[in-house]
Each structure stands twice: as C-alpha cells, then as structure tokens.
Amino acid sequence: MENIYSKNGLQAVINASGRMTKLGVSTISQGVGETLVEAAGNYILIDSLYEFAGKKIGEMIGCEDACVTSSASAGIALSVASLICKDNITMVHHLFDALLKIDKREVILLKGHNVDFGAPIAEMVQLGGGKIVEAGYANGSKLTDISDAVNENTLAILFVKSHHCVQKDMVDVKDVIELANTLGVPCIVDAAAEEDLGRYMQMGADMVCYSGAKAIEGPTSGFVACKTTELASNMRLQYKGIGRAMKIGKEGTMGLLQAIKEYLAGEHVCAVTKSDLEQFAAKVNEIDGCKAVLIQDEAGREIYRAKISFDKNAYGFSAKEMIGKLQEGAAAVYTRDYQANIGSLAIDPRPLKNLDELEYIYRRIVEIGKEK
C-alpha cells in the first residue's frame with residue numbers, strides 16, 4: 001500500500017469512513033488529474049474563467065449560473081456576504097466596517113442543523129457577515145418555527161442537508177424552500193455531499209452549495225448553484241473582498257468542470273459494490289463477538305454501509321477501543337465512528353480503492369480479536 005505519503009514517512013490510510021475532509025475527501029480520476037496539470041501550466045484571465053465556469057456549470061446541472069468556490073463551506077460564507085453586499089463594491093471592500101450599520105443580516109437556521117461538520121457551520125455564516133437565529137428544537141422542528149422567526153432583519157434561511165444534522169421530526173427541505181419563496185426570503189441550501197446536483201434548484205432554492213471533492217470526486221473545490229446570474233455575479237464580486245482569502249485557482253476550476261462532466265456522464269464506479277459489502281459482512285459475522293449488517297445512509301441517500309457491532313465480552317474490544325486499534329499497523333483504517341459510543345462502527349465502501357482494502361479491514365478485525 002505504498003504511495004506518495006508513505007514514501008515520505010507518513011502512515012498509509014485506508015478510508016472506510018466516507019468522503020471526509022480530515023482524510024483528504026476523495027481521490028480524482030486520471031482525466032481530472034490531466035486537466036489539473038494542463039490548466040496549471042497555462043495562464044488565463046481569472047475573472048473571465050470564473051464567469052465561464054459559472055455558466056458552464058449552470059448548463060450542466062440546469063440552473064442559470066453558478067459561482068465556483070474553494071469548498072462548500074466557502075460557498076456558505078460567500079452566499080451570505082453576497083446577499084448583504086449585493087453589487088456594492090465599496091461594501092465588499094469594507095464588509096466588517098459596514099456590518100456595524102446593518103441590521104438585515106439574520107440567517108435563520110434550524111437548531112438541529114446548527115452542527116459542527118469539522119468546523120461550526122455558524123462560523124461560516126458569521127464569516128460572511130451573517131448573524132445566526134436558531135429556530136425549532138434539537139429534537140424536532142415545524143415550519144412555523146421558521147416563519148415565526150422571520151422579520152424585517154431576516155437576510156436568508158439556511159437549510160443544511162447532511163448526515164451530521166438531526167433527522168428525526170425535522171421539516172423537509174422542499175417545504176422549507178417553498179416557505180422561503182412564499183415569504184420572499186432567499187433560501188440557501190448546504191448540499192455539500194449531496195449526489196443530485198439539480199434537485200434543490202428545481203425545488204426553487206436561491207443558492208445551493210456543493211463540494212467539488214465529495215460526491216463529484218473532483219479536486220479541492222466547490223460551487224454554488226444560483227437561481228439567477230445576478231446572484232452569481234454578486235457572489236463572484238466577493239473575490240475582491242473576503243473571497244480573496246478563499247479563492248480557487250485556475251487548475252482547481254478546470255479540474256472541477258472536468259469532474260462534474262465525468263460525474264454527470266456516470267463515469268464514477270465504486271470499486272467495492274453492495275454485493276462485495278454483503279460478502280464482507282457475512283465473513284465478519286463468523287468472527288466471535290462481531291455482528292455485521294448493511295444499513296442505508298442516515299440522510300436517506302442511496303448509500304449502503306456495513307455496520308459492525310462489537311461485543312467486548314466475546315470479542316475482546318469495544319467499538320470505541322476498535323477506533324484506535326484499527327488505526328495501528330501498516331495502514332491506518334478509518335471507519336465511520338459516529339455510533340461507537342453505543343457499540344458499532346460502519347464501513348463506507350465508496351472511498352475504498354479496491355477489494356484488497358476491504359480484505360485488509362477484515363484481516364485486521366480478525367487479528368485484533370486474537371489479541372484478547
């Protein structure tokens with residue numbers, strides 16, 4: 001499992017956790033890699049590239065325009081800042097001075113969506129000059145929680161579509177978008193890891209933030225699909241303000257376009273299939289103290305993972321202990337550990353590069369169990 005990182009003295013990693021920023025998100029195709037190299041080796045007027053890329057993305061996913069970004073989280077910050085500043089370049093240049101005189105910057109966010117995805121989502125809103133107003137409760141929400149929070153100082157409603165969020169008894173994204181449209185309030189959807197690139201625009205969202213490196217498997221990048229060119233143009237103007245600190249380069253922009261093209265063409269195929277995962281689970285079930293079942297993604301996506309429960313008395317180690325044990329050895333195995341505190345880990349097959357990595361995980365579970 002030698003690669004550029006292990007050759008430089010870093011521990012090799014097998015990613016069975018998901019397309020996580022902390023693990024480098026995803027790997028790129030040969031076509032995207034070649035595009036990155038060619039784009040990096042030539043010059044271009046960046047403003048014209050941003051405009052071209054926005055229109056091109058719009059054509060590909062079915063919206064009027066888009067703004068390329070360095071990440072989905074940057075997209076949230078730029079969306080908020082652009083709604084505050086619009087096309088006022090002076091305000092773009094002096095955003096944080098201007099905020100002292102601006103009341104209309106409240107961003108309504110469901111309490112169950114105010115999450116830490118590796119960084120607090122509230123910080124992304126505040127970075128763009130917004131002020132978070134929570135609505136609803138951590139264990140449930142209603143549309144009236146949002147509508148009652150809207151006032152003359154409301155800038156936008158932000159809906160976060162993510163497995164990080166509370167799923168139980170939460171209002172549906174479609175209903176929230178329709179409510180925002182009815183109230184005349186811009187609706188921003190954080191769809192960083194979502195797989196359908198046109199769904200939320202079709203529902204009527206004003207801005208939809210995507211990661212270019214998650215489902216799309218592109219380079220470190222992102223984009224915000226916009227309902228109108230005016231929204232996209234105002235967002236691109238932020239590159240002369242706070243966006244300068246989170247800019248995306250020419251190679252990242254062109255690599256993103258190539259990745260979207262390949263993604264929409266259906267060229268992405270997981271090396272490990274659902275059938276492979278079922279066979280893996282069957283073998284794990286033969287290990288004393290382990291129980292494996294296939295489960296669907298928490299947020300309802302068509303993604304299946306192998307959930308492994310560990311009986312410490314029979315196996316020798318708890319799920320929480322297995323997090324560290326699996327990260328030992330020639331290659332560190334990172335699993336999906338959100339439910340380790342209640343006894344289970346999950347194997348996400350999407351980031352696995354080949355069946356050998358899945359077999360390595362199985363062998364490590366067997367080996368660790370023999371250490372008891």
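Leaving aside its neighbours within four places in sequence, which residues is Arg-350 in contact with? I find Gly-18, Arg-19, Glu-195, Cys-270, Arg-301, Ile-303 and Arg-305. Contact here means heavy atoms within 4.5 Å.

**Ground rules.** I note that this is a predicted model, where local features need pLDDT of at least 70, side-chain atom pairs count only at pLDDT 80 or more, and totals for chains, interfaces and linings use all residues. Residues are numbered from 1 along each chain as its sequence is written, and side-chain values use heavy atoms, with hydrogens and water left out.

**Entry: Arg-350 and Asp-348.** I placed Arg-350 in the loop between β12 and α15. Helices (H or I, at least four residues) and strands (E, at least two) are DSSP runs, numbered from the N terminus. Asp-348 lies in the loop between β12 (344–347) and α15 (355–369). I looked up burial next. Buried means under 20% relative accessible area, exposed over 50%, and partly exposed in between, with a 1.4 Å probe and protein chains only. Arg-350 has a relative accessible area of 13%, so I list Arg-350 as buried. Asp-348 is buried too, at 0%. The side chains of Asp-348 and Arg-350 make a polar contact at 2.8 Å. A polar contact is a pair of N or O atoms within 3.5 Å; within protein, one must be able to donate a hydrogen and the other to accept it, and residues adjacent in sequence count only if both atoms are side-chain atoms. Setting aside neighbours within four places in sequence, I find Asp-348 in contact with Asn-15, Ala-16, Ser-17, Gly-18, Arg-305 and Arg-336.

**Entry: the cores.** I checked the nonpolar cores. Such a core is a set of buried Ala, Val, Leu, Ile, Met, Phe, Trp, Tyr and Cys residues joined through side-chain atoms within 4.5 Å. The largest has 85 residues. Ile-57, Ile-146, Val-189, Tyr-200, Val-208 and Phe-223 have the most contacts inside it. Helix α3 (residues 72–85) gives the most to this core, with nine residues. A second, separate core has 31 residues, including Leu-277, Phe-280, Tyr-315 and Ile-347.

I then followed Phe-223. Beyond its neighbours within four places in sequence, its contacts include Ile-57, Ile-61, Cys-67, Val-208, Leu-256 and Ile-260.

**Entry: Cys-67.** This residue sits in strand β2 (residues 65–69). Is Cys-67 buried or exposed? Its relative accessibility is 0%, so Cys-67 counts as buried. Outside the four places on either side in sequence, Cys-67 is in contact with Gly-222, Phe-223, Val-224, Ala-232, Met-235, Arg-236 and Tyr-239. Ser-79 is twelve residues away along the chain, and the two C-alpha atoms are separated by 9.4 Å.

**Entry: helix pairs.** Two packed helices are described by the angle between their axes and the distance between the axes. Axes are lines fitted to C-alpha atoms, for helices over the stretch in contact, and angles run from 0 to 180 degrees between N-to-C directions. Angles under 35 degrees count as roughly parallel, over 145 as roughly antiparallel, 65 to 115 as roughly perpendicular and the rest as oblique.

I started with α1 (residues 30–40) and α11 (residues 250–264). Their axes come within 8 Å and cross at roughly 155 degrees. The pair is therefore roughly antiparallel. Among the contact residues I noted Gly-31 and Leu-36 of α1, and Met-254 and Gln-258 of α11.

Next came α3 and α10 (residues 229–237). They pack at about 105 degrees, with axes 8 Å apart. That makes α3 and α10 roughly perpendicular. The contact is made by Leu-78, Ser-79, Ser-82 and Leu-83 of α3 with Leu-231, Asn-234 and Met-235 of α10.

How far apart are the axes of α12 (residues 274–284) and α15? I read 11 Å, at an angle of about 15 degrees. So α12 is roughly parallel to α15. Leu-277 and Phe-280 of α12 are among the residues making this contact, as are Leu-358 and Tyr-362 of α15.

**Entry: positive phi.** Most residues other than glycine have a negative phi, and most peptide bonds are trans. I looked at two residues with positive values. Val-25 has a phi near 70 degrees. Val-25 belongs to the loop between β1 (12–16) and α1. Glu-217 has a positive phi of about 60 degrees, and lies in the loop between β7 (207–211) and β8 (222–226).
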